[in-house]
Amino acid sequence: MEILMKIWAYFATNILQQPAFMIGLIVMLGYILLKKPWYDILAGTLKAIVGYFILAAGSSGLVSNFRPVLTGLKDRFNLDAMVIDPYFGQNAVTAGVEEVFGKGFGQAMILLLIAFIVNILLVRFSRVTKLRALFTTGHVQVQQAATAYWLIMFACPFLLKNDMVMLIVMALVLGLYWAVGANLTIKPCQEVTDGAGFCLAHQQMFGVAFNYWLAEKLFGKKNKEGKDVKKIEDIELPGFMSVFNDNMVCTSILMLVFFGIILTILGRDYLVANGFLAEGASMLFYVIKTCLHFAVYLAILQLGVRTFVTELTASFQGIADKLLPGAIPGVDCAVIFGFGAANAVPIGFLAGFAGQILAIIALIVLKSPVLVICGFVPVFFDNASIGIFANEKGGIKAALVLPFISGLCQVFGSALIAGWVGMAAYGGYLGMWDWAVVWPVMTGVMKFLSYAGIAIVVIALALIPQLQYRKDKEGYFMMTEDYEKYKEIKAVKN
């Protein structure tokens, strides 16, 4: 048993928690199952790994580039608050779980393993479960396993008596959440990408599906005159404003306006004192460089997407054919930035940021016992993703309104749940859409209804794909197995 745990620890540390190598392993396995020549397997695996490294470079660059803005807002206004960010949330669990519950953080990694097996089994028997998505983003799984570990122990203290029973119950809930959440994003992703063959496996899966549905219901495919709604890419701006039709120019100008103002308010003295700006350097060009780098890192991220997605979706067909029939891979939400309206990314981000700032001001004014500092990961990756999907169904109005509401939900929901379960005292919470909206509800149900609450959560999650299937029995599996045929049938019906 000890040897098996060492093997798992090595695999989890070096592959599962390193998404580039996890994606590379999946691509290699897929091409082997497709019986490709060894040189095609090698080339595809390398392209997938390098492509994900490029995507990661863009993502980390976005986060680090705006650190002065986020830390500055906290320091400049003397806010002693928790940060909503997946890494701060993971660190909070690491720091406090033994002190609060008397349990080691190492069990969270065992939870990850069992939950991943649950996800695989649910997809393997997809004709019964109606679940088609395999969660492949290992770094996200680590963050979520840590947070779920804390939330379920808080909600179900009666499970603490038996570690094995506790981990099995946790894994069933978490594994179902991974499989059901990723499965919910299949239709939105297939429609936005025109059948690229992946779905999202991240922190806002329920958020994407809900906002995609909401965009259509509230903003509709047609306006009152019966014309199609205006999407961001459909808007032809007149005269000098036509420069905004170019994604790189639009992103650069928007960042210069919004974050240029914030950096100016923070002031030269603060930026120099904290090492962000060198003594004697030009404040003007520092602001310009910092803001324009947003467009740089976004372009790098999109290049990474284009590099590895083709290899992943092509190779995954081998896994789907041989091991997991009808399955598709769930990937990082940043992958969707290479599809849909490019300008929906900065617009969704800024709308969500406005919502978060307004919510934080409300917490301060209302003297909330828990104050929140927005982390870049939730405010950007959640809301930019929602902006792309909202624009697809509801146009530019949906791309502005729904990410703004998402920003409010992220702050208020995180403050509520983190304060209630005690994570706020350790400085962080995961804070992204699902964990600020869906998981607080599930935690409350399990807390107040005990064993019955666990049963309700498990049954409710298991019913979601069944309801999806009943709504479209003919096209449900066809959507992932033959998207072109699926579109033809839908076109005839419409």
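The sulfur of Cys-189 lies 6.2 Å from the closest cysteine sulfur, that of Cys-199, which is too far for a bond, a disulfide being defined as a pair of cysteine sulfur atoms within 2.5 Å. For Cys-374, the closest cysteine sulfur belongs to Cys-409 and is 15 Å away, again too far for a bond. A search of the whole structure accordingly returns zero disulfides. Cys-189 counts as buried at 0% relative accessibility, and Cys-374 is likewise buried, with a relative accessible area of 3%; here buried denotes under 20% relative accessible area, exposed over 50% and partly exposed the range in between, computed with a 1.4 Å probe on protein chains only. The model is predicted, so that local features need pLDDT of at least 70 and side-chain atom pairs count only at pLDDT 80 or more, whereas totals for chains, interfaces and linings use all residues. Residues are numbered from 1 along each chain as its sequence is written, and side-chain values use heavy atoms, with hydrogens and water left out.

Helix H10 (residues 186-193) packs against helix H16 (residues 376-421) at an angle of about 70 degrees, with the axes 11 Å apart. Helices (H or I, at least four residues) and strands (E, at least two) are DSSP runs numbered from the N terminus, while axes are lines fitted to C-alpha atoms, for helices over the stretch in contact, and angles run from 0 to 180 degrees between N-to-C directions. The angle makes H10 roughly perpendicular to H16, a class that spans 65 to 115 degrees, with angles under 35 counted as roughly parallel, over 145 as roughly antiparallel and the rest as oblique. Pro-188, Cys-189, Glu-191 and Val-192 of H10 meet Ile-388, Phe-389, Glu-392 and Lys-393 of H16, contact meaning heavy atoms within 4.5 Å. These residues divide into five nonpolar, no polar and three charged.

Ser-406 also lies in helix H16 and, at 1% relative accessibility, counts as buried. When residues up to four places away in sequence are not counted, Ser-406 touches Asn-383, Ile-386 and Trp-433.

An open sheet of three strands has the order S2-S4-S3, with parallel pairing, two strands being paired if DSSP finds at least two bridges between them. Strands S2 (133-135) and S3 (199-200) stand at the edges with a single partner strand each, so one side of each is left without a neighbour in the sheet. Two bridges join S3 to the parallel strand S4 (residues 328-331), and Leu-200 stands opposite Val-331 in S4. Helix H9 (residues 163-184) lies across S2 and S3, running at about 125 degrees to S2.

Conventions
Nonpolar A, V, L, I, M, F, W, Y, C, P; charged D, E, K, R; others polar.
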